[in-house]
Amino acid sequence: MSDPTSTPPGPGHSTAPSSSDALDVFEAGAEHEQVVFCNDPATGLRAVVAIHSTALGPALGGTRFHPYPSTADAVRDVLDLSRGMSYKAALAGLDLGGGKAVIIGDPATLKSEGLLRAYGRFVQSLGGRYYTACDVGTFSADMDHVARECSYVTGRTVAHGGAGDSSVLTAYGVFRGMQAAGEAAWGPGATLEGRRVGVAGVGKVGRHLVGHLLEVGAHVVVTDVWEPALSRIRDEHPAVELVDSTEALMAGQLDVYAPCALGHALTDEVVQTLSASVVCGAANNQLAHPGIEKTLAERGIAYAPDYCVNAGGLIQVADELAGFSFERARQRADGIYETTRRVFELAASDGVPPAVAADRLSERRMHEIGRLRGLWLGA
């Protein structure tokens, strides 16, 4: 357990006790404003909404639908994810706070219109302090169901006036961040052309990222635990090299490693054996524990903090709140390149890992602007 008097780790880390520890919600969520448990036995809904901060505005974050082993595991995840959303929104320059929701269960068997609408009523009850959107296990069509009971929904289908699939700009932002990280690692003007890029996870975001990488001449190697995802990539991009596991991907020589599945991909073992000189991917909470960011820096690996580069999806769904314009959102997502450069420049000038530099930039904005606002009360 970390020293309780030390500076809290950034959003790339897990801040809650491990699954072997008893969970005290007030202790684990000590930085959070609000944690809400939602229960509707008739539809099987069991959800947790975590609002980390509304200092910059209403909290916005997706709803993850996942078969967690326990309620405690779900709470740990939603606390980590919601904290990351506060930092992501702040670094992206948005007037939004950080929140997240998880629905406990297998979406393949439990998801229904009734459950999603019941969930929408719980979100509505928060009065605008939390806006929901898509995440792992949920899609734009699901948000349309939620919106039948709730006014605080974004990431809806285009047919219902929404932004549609937010993975499009998430992938674009990761790609632009990867270009900036490449320059930090290989020097000004360096490109991804001819570089060997390993993408772990080719679902909603990884699939689009592969397309961007191929367009600039990168050699792409991919893996995924879901065979249909690999088959789809094989059909869409025959030139891509497929391997059957993350271990096989890591065993090969890479210039860039892009974790694009679930979190905690960067463990001690992975970092010690990693051949890549750049790590830049879409997954949230990539650092398995505090200290990993220092090991990456010591090994000379340019780590682009996840919440810095994967903010494109948040930018896309946030734009929907003002009447969606894809071109306007894309231009803002393009700014992730400059934001990532600022992170690496601050890291170099302050002599700290990029993850620490990104935290400092986010915290600076939350403090400077947040003090003007305080707690967001909703509508």
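Begin by selecting residues 336–350, which form helix H15. Helices (H or I, at least four residues) and strands (E, at least two) are DSSP runs, numbered from the N terminus. The expected span of a helix is 1.5 Å times one less than its number of residues; for the 15 residues of H15 this gives 21 Å, and the end C-alpha atoms are 21 Å apart, so the two values agree.

The model is predicted, so that local features need pLDDT of at least 70 and side-chain atom pairs count only at pLDDT 80 or more, while totals for chains, interfaces and linings use all residues. Residues are numbered from 1 along each chain as its sequence is written, and side-chain values use heavy atoms, with hydrogens and water left out.

Next, colour the buried residues of H15: Ile336, Tyr337, Thr339, Thr340, Val343, Phe344, Leu346 and Ala347. Buried means under 20% relative accessible area, exposed over 50%, and partly exposed in between (1.4 Å probe, protein chains only). Just after H15, Gly351 has a positive phi of about 70°.

Contact (heavy atoms within 4.5 Å) is made by Arg332, Ala333 and Asp334 of H14 and by Ile336, Tyr337 and Glu338 of H15.

Now select residues 354–370, helix H16. Its 17 residues should span 24 Å at 1.5 Å a residue, and its end C-alpha atoms lie 23 Å apart, which agrees. Among the buried residues of H16 are Pro354, Asp359, Arg365 and Gly370. The elements covering the buried residues of H16 include helix H2 (71–91), helix H11 (292–298) and H15.

Turn to the open sheet of five strands, ordered E1-E2-E4-E3-E5 with mixed pairing. Two strands pair if DSSP finds at least two bridges between them. Strand E1 (34–40) and strand E5 (130–134) are at the edges with a single partner strand each, so one side of each has no neighbour in the sheet. Neighbouring strands here are turned by 25° against each other on average, direction ignored. H2 packs on this sheet, touching E1, E2, E3 and E4, and its direction makes about 155° with that of E4.

Which strand should be examined within this sheet? Strand E4 (residues 97–104) is largely enclosed by the rest of the structure, because eight of its eight residues are buried. Gly97, Gly99, Ala101 and Ile103 are buried on one side, and Gly98, Lys100, Val102 and Ile104 on the other. Strand E2 (residues 45–53) pairs with E4 in the antiparallel sense over six bridges, and Ser53 stands opposite Gly98. Strand E3 (residues 59–66) runs parallel to E4, joined by six bridges, with Phe65 opposite Ile103.

Finally, display the open sheet of six strands, E8-E7-E6-E9-E10-E11, with parallel pairing. Its edge strands are E8 (241–242) and E11 (302–303), each pairing on one side only. Within this sheet, five bridges join E6 (residues 196–200) to E7 (residues 219–223), and Val197 faces Val220 in E7 as its opposite residue.

Terms used
Axes fitted to C-alpha atoms, helices over the stretch in contact; angles between N-to-C directions.
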